[in-house]
Amino acid sequence: MRVRPSLRGRVALTLAAFSALVGLALAALIYVASHDLEQRLIDETLTAELDDFIARRGRNPDSLPERTATIRAFVVDPSGGAVRIPPAVATLPPGRHEVRLDGIPHRAAVRRVGAQRFVVLFDVSALKRRERLFLLVLSAAVVLITAVSALAGRGLATRVIAPVTELARRVAALRPEDAPPPLAAEFPWSEVQALAADVDRYLARLHAFIERERQFTGDVSHELRTPLAVITGAVELLQGDPALDEQLQLRVARIARAADEMSEMTAALLALAREQGPSRLEPKGC
């Protein structure tokens with residue numbers, strides 16, 4: 001048997017899906033904003049370092065390029081020099097670039113001054129690791145928000161559909177033969193009240209139909225069974241009359257059989273109308 005989804009489950013699933021979409025959108029926005037901010041800070045640092053490096057070389061052409069744990073500087077001079085320039089750095093044009101040296105990602109800023117090109121590299125490997133960790137935290141947050149939203153949505157849906165559940169319980173407890181109590185006034189919520197009003201109208205029509213059926217049953221019992229009893233009594237008298245010839249006796253027997261069939265049909269109709277079983281059919285000819 002196919003299991004139909006419950007309204008409570010659908011509300012919880014909808015709320016969880018909506019929360020997941022909103023969480024993903026916010027996580028993506030936060031990640032992009034964080035990445036852009038880091039990129040701007042790195043570029044500002046590279047610009048400041050590049051300005052300082054060019055200024056120092058202008059004051060002292062023999063000053064050594066800066067080399068720290070995260071920043072490296074190079075001077076690419078067409079005339080050559082004593083410092084060995086990595087090939088990936090030597091071919092960089094002016095501007096901002098992403099480059100890898102010895103398998104380590106760097107952000108590069110290149111500026112041409114005269115015949116020379118000044119290059120400053122910023123090691124972004126630590127930032128990449130922090131970005132991956134930050135992305136993992138954002139993903140876990142989205143999953144957590146989705147799970148919490150699903151649980152909260154299930155509880156919220158239980159409270160939201162509680163009036164509908166109560167209405168269904170009240171309707172299931174009613175019996176068609178009893179006068180239906182008004183249900184709409186007991187539910188203040190407009191949507192549930194409209195549903196309860198429709199149920200009230202349906203139950204009122206059903207109760208009126210049952211009352212008409214009861215009246216019809218009484219009428220049938222009184223109007224049909226009494227004439228049949230008269231016919232059956234008259235047939236019995238005629239069958240006991242010795243003055244009737246054989247042909248008339250056959251006709252009277254046919255009338256008796258027809259009366260018996262009508263009595264059986266009347267009893268069967270009464271049993272069906274009263275929701276009685278075959279064992280409770282009334283005796284033939286009553």
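In these legends, contact means heavy atoms within 4.5 Å. The model is a predicted one, in which local features need pLDDT of at least 70 and side-chain atom pairs count only at pLDDT 80 or more, while totals for chains, interfaces and linings use all residues. Residues are numbered from 1 along each chain as its sequence is written, and side-chain values use heavy atoms, with hydrogens and water left out.

View 1. Leaving aside neighbours within four places in sequence, Gly-95 is in contact with Ala-108, Ala-109 and Val-110. Between Gly-95 and Ala-109, which lie 14 residues apart in sequence, the C-alpha to C-alpha distance is 5.8 Å. With a relative accessible area of 24%, Gly-95 is partly exposed (buried means under 20%, exposed over 50%, and partly exposed in between, with a 1.4 Å probe and protein chains only).

**View 2. Helix α1 (residues 7–59) and helix α3 (residues 125–160).** The axes of α1 and α3, lines fitted to C-alpha atoms over the stretch in contact, with angles running from 0 to 180 degrees between N-to-C directions, come within 8 Å and cross at roughly 160°. The two helices are therefore roughly antiparallel to each other, a term for angles over 145 degrees.

**View 3. The protein as a whole, with 7 helices and 4 strands.** Helices (H or I, at least four residues) and strands (E, at least two) are DSSP runs, numbered from the N terminus. Along the sequence, the pattern reads α-β-α-β-β-β-α-α-α-α-α, and of the 286 residues, 27% count as buried.

How values were computed: Angles under 35 degrees count as roughly parallel, over 145 as roughly antiparallel, 65 to 115 as roughly perpendicular and the rest as oblique.
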